[in-house]
Amino acid sequence: MQAQKPHTVARPSLAGGRLTIDLGALAANWSALAARSAPAEAAACVKADAYGIGIERAGPALAAAGCRTFFVALPEEGLRLRAVVPGAVIYVLDGLMEGTAHALADADLRPVLGSWAEVEEWAAFKEAGAPTGSAIHVDTGMNRLGLGLHEAVALAQRPDLLGAIAPSLLMSHLAVADSPTHPLSLRQLALFNEIRAQFPPLPSSLANSAGIFLDDAFHLDMVRPGIALYGGYAVDNLPNQMRPVVTAEARVLTVRDAEEGDTVGYGASERLKQPARIAILAVGYADGYHRLAGSSDERKGARVYIRGRHAPLVGRVSMDLIAVDVTEIRAVSRGDWAELFGPHVAIDEVAKTAGTIGYELLTGLGRRYARTYVGEKNPQSA
């Protein structure tokens with residue numbers, strides 16, 4: 001299995017949208033989370049192409065900041081990451097897919113073993129003294145991946161299997177840490193501590209981004225931040241302390257006048273209550289800007305930031321275009337750029353309007369954006 005090259009992206013002069021990705025902010029977010037979690041080690045989740053920003057750029061930036069342990073979802077992501085951070089510890093969260101043991105071992109990727117079948121297959125493959133380790137994933141309330149309590153206890157009593165799979169980490173995953181008063185988090189911590197007692201002295205990890213902001217008891221030996229690294233909010237009803245990493249912008253194609261009573265866009269979903277100037281932007285749901293961020297007579301949509309002011313969407317988001325009311329911003333003209341989200345429009349604000357979460361907006365960033373990376377010694381476009 002060979003690492004695939006990242007997909008091509010648009011040329012800046014020809015693109016309707018552009019992304020500015022601040023790797024300095026990414027590194028600063030990791031450093032802040034590491035300081036908050038100390039003395040626990042701070043790893044980094046870079047699955048889903050580093051939440052859409054590009055694993056080949058995020059990995060080295062995080063490593064340069066001091067991150068030594070990474071989590072990906074799939075082996076292919078691990079191969080891409082290994083090519084750019086050769087000395088890192090890399091765990092594969094989706095575990096050991098059948099028949100992939102050789103590929104993982106060849107790249108020194110550590111499967112997060114979450115079922116008895118995976119444990120047995122990894123144990124059967126492993127040669128004594130082989131360098132590639134693993135993590136043991138136990139389920140404490142998520143009911144997705146992970147050994148159940150009785151399976152975990154049974155594994156702890158099998159030194160032959162433990163010796164073969166060479167575990168370097170015991171982990172579980174919090175289900176509702178973004179809601180800090182939910183009782184499930186404390187139940188998960190108690191159950192995980194019960195399981196941990198069966199595996200001394202194996203290092204343990206439970207906290208995701210939201211878990212880092214819970215009580216320090218959740219930090220254990222390692223934390224695994226994801227969305228907070230990329231500037232998204234992690235905990236409900238708390239101010240977001242992270243720096244924005246991605247600024248998404250759309251090009252103004254034209255500005256047109258519309259009359260009171262006119263409708264805008266597909267479905268005639270919004271009728272203008274007064275004469276308006278409408279700017280048409282060259283981004284739509286094909287670029288990952290959600291259709292439900294649009295506006296109608298029944299509900300307000302998202303807003304953009306253009307020429308120093310906020311402007312609301314008008315009508316539906318279509319595949320390639322959105323319409324924005326710039327009646328009060330007379331200077332807007334063809335060729336301007338409008339911020340869709342970034343320092344002036346929080347990504348989670350847009351996500352909430354669209355009935356989704358910031359994770360989905362980030363991981364759905366389309367290929368048509370021109371990308372520019374900043375915050376490095378040698379900024380470059382991609």
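Q: Which residues does serine 296 touch, leaving out those up to four places away in sequence?
A: In this predicted model, serine 296 touches Ser269 and Glu270. Serine 296 itself is in the loop between strand E12 (276-281) and strand E13 (303-306).

Q: What makes the approach of serine 296 to glutamate 298 a polar contact?
A: A polar atom of the serine 296 side chain lies 3.2 Å from the backbone nitrogen of glutamate 298. The cut-off for such a pair of N or O atoms is 3.5 Å, and 3.2 Å is within that cut-off.

Q: How many aromatic pairs are there?
A: The count comes to four aromatic pairs.

Q: What does the pair of tyrosine 51 and tyrosine 359 tie together?
A: Tyrosine 51 lies in helix H2 (residues 47-51) and tyrosine 359 in helix H12 (residues 358-363), so the pair ties together parts that are 308 residues apart in sequence. Ring pairs also link Tyr51, Tyr230 and Tyr359 into a cluster.

Q: How do you know whether tyrosine 51 is buried or exposed?
A: At 6% relative accessibility, tyrosine 51 falls under the 20% limit and counts as buried. Tyrosine 359 has a relative accessible area of 37%; that value is between 20% and 50%, so tyrosine 359 is partly exposed.

Q: What makes phenylalanine 71 and tyrosine 91 a stacked pair?
A: The angle between their planes is 15°, and angles under 30 degrees count as stacked. The rings are 5.1 Å apart, centre to centre. Phenylalanine 71 lies in strand E4 (residues 69-72) and tyrosine 91 in strand E5 (residues 89-92), so parts 20 residues apart in sequence are tied together. Both phenylalanine 71 and tyrosine 91 are buried.

Q: How do you know that arginine 18 is placed by the ring of tryptophan 337?
A: Arginine 18 lies over the face of tryptophan 337, at 4.1 Å from the ring centre, and the distance limit is 6 Å. Arginine 57 lies over the face of tyrosine 373, at 4.2 Å from the ring centre.

Key: Residues are numbered from 1 along each chain as its sequence is written. This is a predicted model: local features need pLDDT of at least 70, side-chain atom pairs count only at pLDDT 80 or more; totals for chains, interfaces and linings use all residues. Side-chain values use heavy atoms; hydrogens and water are left out. Rings of Phe, Tyr and Trp (its six-membered ring) pair if their centres lie within 6.5 Å; planes under 30 degrees apart count as stacked, over 60 as edge-to-face and the rest as tilted. Helices (H or I, at least four residues) and strands (E, at least two) are DSSP runs, numbered from the N terminus. Buried means under 20% relative accessible area, exposed over 50%, partly exposed in between (1.4 Å probe, protein chains only). A charge sits over a ring if NZ of Lys or CZ of Arg is within 6 Å of the ring centre and within 35 degrees of the ring normal. A polar contact is a pair of N or O atoms within 3.5 Å; within protein, one must be able to donate a hydrogen and the other to accept it, and residues adjacent in sequence count only if both atoms are side-chain atoms. Contact means heavy atoms within 4.5 Å.
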